[in-house]
Structure formats: C-alpha cells, structure tokens
Amino acid sequence: MTIRKYKEFSPQLGDSAWVDASAVVIGRCVLGADASVWPNATLRGDVNDIHIGARSNIQDGAVVHTTHQSDVSAGSKCIVGEDVTVGHNAVLHGCVLEDECLIGMGAVVLDNAVVQKHVLVAANSLVPPGKVLESGYLYMGSPVKQARPLSEKEIAFFKYSAAHYVKLKNEYQAEEL
C-alpha cells in the first residue's frame with residue numbers, strides 16, 4: 001500500500017482499516033475502523049481533510065479530493081460517513097456523504113454537496129456543487145434528479161454492502177499475512 005505523508009500530515013488508519021497495495025492515500029486522511037480502499041483508488045488529502053468512516057469502502061479507481069481555503073473559497077473537506085459504499089471510478093470532491101448511502105460507479109459528487117443517510121446515487125450521475133440529496137431516495141442523471149423513494153429492501157442493502165466489503169477486506173488482509 002502507498003501511504004504517503006504530505007508536509008507534516010500523515011494518514012491515520014483505524015483498527016483493521018485496509019488499503020490495497022495499488023491504492024494511494026496521501027496526507028490529511030483518516031480512515032475509520034474496518035474501512036477499505038481498493039485497487040487504484042486515490043485519496044489525496046493535501047489541501048484539506050478527508051475522513052472515511054468505519055466500515056466504508058472506496059472501490060477501485062475512485063478519486064477522493066478536497067478544495068483548499070482561499071480568498072474566494074472557504075475550502076471543502078471530504079467527509080464519508082459510516083457504512084458507505086463508493087463504487088468503482090466514482091469521484092468525491094469536497095463533499096459530505098452521511099452514513100449508509102451508496103454512490104454508484106462513475107458517479108461524481110462535487111464541492112459542498114451533501115448526500116444524506118439512506119440515499120442511492122445511480123451510476124454515472126452528477127451531483128452538482130452545494131446540492132443536498134434528501135434521505136430515502138434514488139437520485140439519477142446529470143445533474144441528478146430525485147427519481148423515486150427507496151424500498152426497505154434497498155435501504156437494508158446499504159448495511160449489507162458495507163458488511164460484505166468488510167468481509168472481503170478481511171480475506172485480503174489474511175492473505176497478506
């Protein structure tokens with residue numbers, strides 16, 4: 001795994017957090033317990049903080065970054081809650097994902113957007129800057145629009161997906177020993 005310091009900032013990994021050997025985690029990054037970062041994902045915490053909550057997974061090729069503070073911007077951290085699944089090749093930039101949500105493959109979530117708990121963002125969707133996605137819905141499109149309410153089964157899938165990735169991460173960790 002590539003865990004890199006940036007200036008005085010070193011990534012912090014919680015108990016049993018796992019970063020694949022081909023992934024890169026730089027600087028001001030905090031990974032919660034049992035969080036996982038999969039092949040070729042990049043978390044670049046150089047200009048602001050990145051927090052990945054417990055049992056959340058950042059899948060293959062995803063990019064997580066932030067916005068720096070300046071005269072024209074207050075800056076934006078990237079905060080990912082607990083039990084969140086971020087699909088392959090998704091981009092998170094200076095946004096907030098609350099607990100138990102799923103960001104589909106290739107989706108983009110931009111600065112100061114908030115994805116509330118129990119939201120599913122469909123694959124290849126774009127969440128524009130500052131948009132708030134209300135809990136309990138599927139959002140899709142570019143830019144996203146509220147498509148429909150989620151079923152109880154879909155909401156239960158968020159916890160299942162996170163638990164599945166913890167199990168899979170544990171299997172990878174065991175093979176590395």
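Colleague: Where in the predicted model is the place of V37?

Modeller: In this predicted model, V37 sits in strand β5.

Colleague: Why does V37 count as buried?

Modeller: Buried means under 20% relative accessible area. V37 has 0% relative accessibility, so V37 counts as buried.

Colleague: Which residues does V37 touch, not counting residues up to four places away in sequence?

Modeller: V37 touches W18, V19, D20, A23, V25, L31, L43 and I58.

Colleague: Which strand is S36 found in?

Modeller: S36 is found in strand β5, which covers residues 36–37.

Colleague: How do you know whether S36 is buried or exposed?

Modeller: The cut-off for buried is under 20%. S36 has a relative accessibility of 1%, and therefore counts as buried.

Colleague: What makes the pair S36 and W38 a polar contact?

Modeller: Their side chains are joined at 2.8 Å. A polar contact needs N or O atoms within 3.5 Å, and the value of 2.8 Å meets that limit, so the pair is called a polar contact. Leaving aside neighbours within four places in sequence, S36 is also in contact with W18, S56, N57, I58, Y165 and K169.

Colleague: Where does W38 lie, and is W38 buried or exposed?

Modeller: W38 lies in the loop between β5 and β6. The relative accessible area of W38 is 4%, and the limit for buried is under 20%, so W38 is buried.

Colleague: What does W38 touch, not counting residues up to four places away in sequence?

Modeller: The residues touched by W38 include W18, D20, A23, N57, I58, Q59 and D60. Further along the chain, Y165, L168, K169 and Y172 are among them too.

Colleague: How do you know whether N48 is buried or exposed?

Modeller: N48, found in strand β6 (residues 42–52), has a relative accessible area of 8%. That value is under 20%, so N48 is buried. The side chain of N48 reaches the backbone oxygen of T67 at 3.0 Å. Not counting residues up to four places away in sequence, N48 touches R28, T66, T67, G75, S76 and K77.

Colleague: Why is V91 called partly exposed?

Modeller: Partly exposed lies between the two cut-offs, under 20% for buried and over 50% for exposed. V91 has a relative accessible area of 27%, which falls in between, so V91 is partly exposed. The place of V91 is in strand β11 (residues 91–93). V91 is in contact with V63, A107, V108 and V109, leaving aside its neighbours within four places in sequence.

Colleague: What about N112: what is its phi, and is it buried or partly exposed?

Modeller: N112 has a positive phi of about 65 degrees, although N112 is not a glycine. The place of N112 is in the loop between β14 (108–109) and β15 (114–115). Its relative accessible area is 48%, which is between 20% and 50%, so N112 is partly exposed.

Colleague: What kind of peptide bond joins S142 and P143?

Modeller: The bond is cis, with omega at about 5 degrees. Most peptide bonds are trans. P143 has its place in the loop between β19 (137–141) and β20 (144–149).

Colleague: How many helices and strands does the protein have, and how do you know how compact the protein is?

Modeller: The protein has 1 helix and 20 strands. Its radius of gyration is 15 Å, close to the 16 Å that the globule rule gives for 177 residues, so the protein is as compact as a globular protein of that length. Buried residues make up 46% of the 177 residues.

Notes: Residues numbered from 1 in each chain as written. Predicted model: local features only at pLDDT ≥ 70, side-chain atom pairs only at ≥ 80, totals over all residues. Heavy atoms only, no water. Helix = DSSP H or I, 4+ residues; strand = E, 2+ residues; numbered from the N terminus. Buried < 20%, exposed > 50% of the residue type's maximum accessible area, 1.4 Å probe, protein only. Polar contact = N/O pair within 3.5 Å; in protein donor to acceptor, adjacent residues only side chain to side chain. Contact = heavy atoms within 4.5 Å. Rg over C-alpha atoms; globule rule 2.2 N^0.38 Å.
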